[in-house]
Amino acid sequence: MDSIKVAAAIIVRNDRVLATHRDGSHGHVGWEFPGGKLEEGESAEQALRREIEEELGLKLATMWDFDTFEHDYEDFHLSLACLVCPLDDEQEPKPTEHDEICWLSRNELLDLDWLEADREVALRLGTFWEYLLNAEHL
């Protein structure tokens, strides 16, 4: 089974996180935390800076590790490195590869039809929300 390394951004603004929806034109259909595959020799942080600028037109400044999630899909193994990325109020996402975006509160996290691996992230994020998104960190 092939293994794929991906980085995902938990983009945070005003006590909400950004979710993006894939329509199936670039793989699976469903909601996800934005990001993408790591290129050869690239760190998760480098991949996120590149992918988020390409896919959403955002420049990420500060970021810190949340966790790495491992998930087996039918035809590949996914290693998903998640980083928390605060976003200032001056930037607005402009999606180029997603058909929808939305900002979610903690209570809305499980309202979406997440891709399987991202559902695990959403569940854990809800558990550690106050610790991760505490104003002292941001």
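F66 and F69 are both buried, where buried means under 20% relative accessible area, exposed means over 50% and partly exposed lies in between (1.4 Å probe, protein chains only). The model is a predicted one, in which local features need pLDDT of at least 70 and side-chain atom pairs count only at pLDDT 80 or more, while totals for chains, interfaces and linings use all residues. Residues are numbered from 1 along each chain as its sequence is written, and side-chain values use heavy atoms, with hydrogens and water left out.

**Aromatic pairs**

- The structure contains three aromatic pairs; rings of Phe, Tyr and Trp (its six-membered ring) pair if their centres lie within 6.5 Å, and planes under 30 degrees apart count as stacked, over 60 as edge-to-face and the rest as tilted.
- The pair of F33 and W114 is stacked, because the ring centres are 4.6 Å apart and the planes stand at 20°.
- F33 belongs to the loop between strand 3 (29-32) and strand 4 (35-37) and W114 to the loop between strand 7 and helix 2, so the pair ties together parts that are 81 residues apart in sequence.
- Helices (H or I, at least four residues) and strands (E, at least two) are DSSP runs, numbered from the N terminus.
- Both F33 and W114 are buried.
- F66 and F69 make a tilted aromatic pair, with 5.9 Å from centre to centre and 45° between the planes.

**Nonpolar cores**

- The largest nonpolar core has 30 residues, of which I10, V17, F33, F66, L80, W114 and L125 touch the most other members; such a core is a set of buried Ala, Val, Leu, Ile, Met, Phe, Trp, Tyr and Cys residues joined through side-chain atoms within 4.5 Å.
- At least two residues of this core come from each of strand 1 (2-13), strand 2 (16-23), strand 5 (64-72), strand 6 (76-86), strand 7 (100-104) and helix 2 (116-132).
- Helix 2 makes the greatest contribution to this core, with six residues.
- A second, separate core has 16 residues, among them L18, A44, M63 and A81.
- Beyond its neighbours within four places in sequence, F33 is in contact (heavy atoms within 4.5 Å) with residues including A8, I10, V17, W114, D118 and L125.

**Salt bridges**

- There are 14 salt bridges in the structure, each being a side-chain nitrogen of Lys or Arg within 4 Å of a carboxyl oxygen of Asp or Glu.
- D89 and R13 form one of them, with their closest N and O atoms 4.0 Å apart.
- This pair links distant parts of the chain, 76 residues apart: D89 is in the loop between strand 6 and strand 7, and R13 is in strand 1.
- R13 is buried, at a relative accessible area of 10%.
- E97 and R22 also form a salt bridge, at 4.0 Å from N to O.
- Since E97 is in the loop between strand 6 and strand 7 and R22 is in strand 2, the pair ties together parts that are 75 residues apart in sequence.
- E97 is partly exposed at 27% relative accessibility, whereas R22 is buried at 10%.
- R50 and E51 join in a salt bridge at 2.9 Å, N to O; R50 is buried at 18% relative accessibility, and E51 is buried at 10%.
- A network of salt bridges links E39, E42, R50, E51 and E54.

- D118 is located in helix 2.
- D118 is buried yet has no salt bridge, and the nearest side chain of opposite charge, R22, is 8.1 Å away; Lys and Arg count as positive and Asp and Glu as negative, while His and the chain ends are not counted.
- Apart from its neighbours within four places in sequence, D118 contacts W31, E32, F33 and L80.
- E120 is also found in helix 2 and is partly exposed, with a relative accessible area of 28%.
- E120 and E70 lie 50 residues apart in sequence and 9.4 Å apart in space, C-alpha to C-alpha.
- With neighbours within four places in sequence left aside, E120 contacts F69, E70 and H71.

**Cysteines**

- The count of disulfides is zero, a disulfide being a pair of cysteine sulfur atoms within 2.5 Å.
- The sulfur of C85 is too far for a bond, because the closest cysteine sulfur, in C82, is 9.7 Å away.
- C85 is buried, with a relative accessible area of 0%.
- The sulfur of C102 is likewise too far for a bond, because the closest cysteine sulfur, in C82, is 16 Å away.
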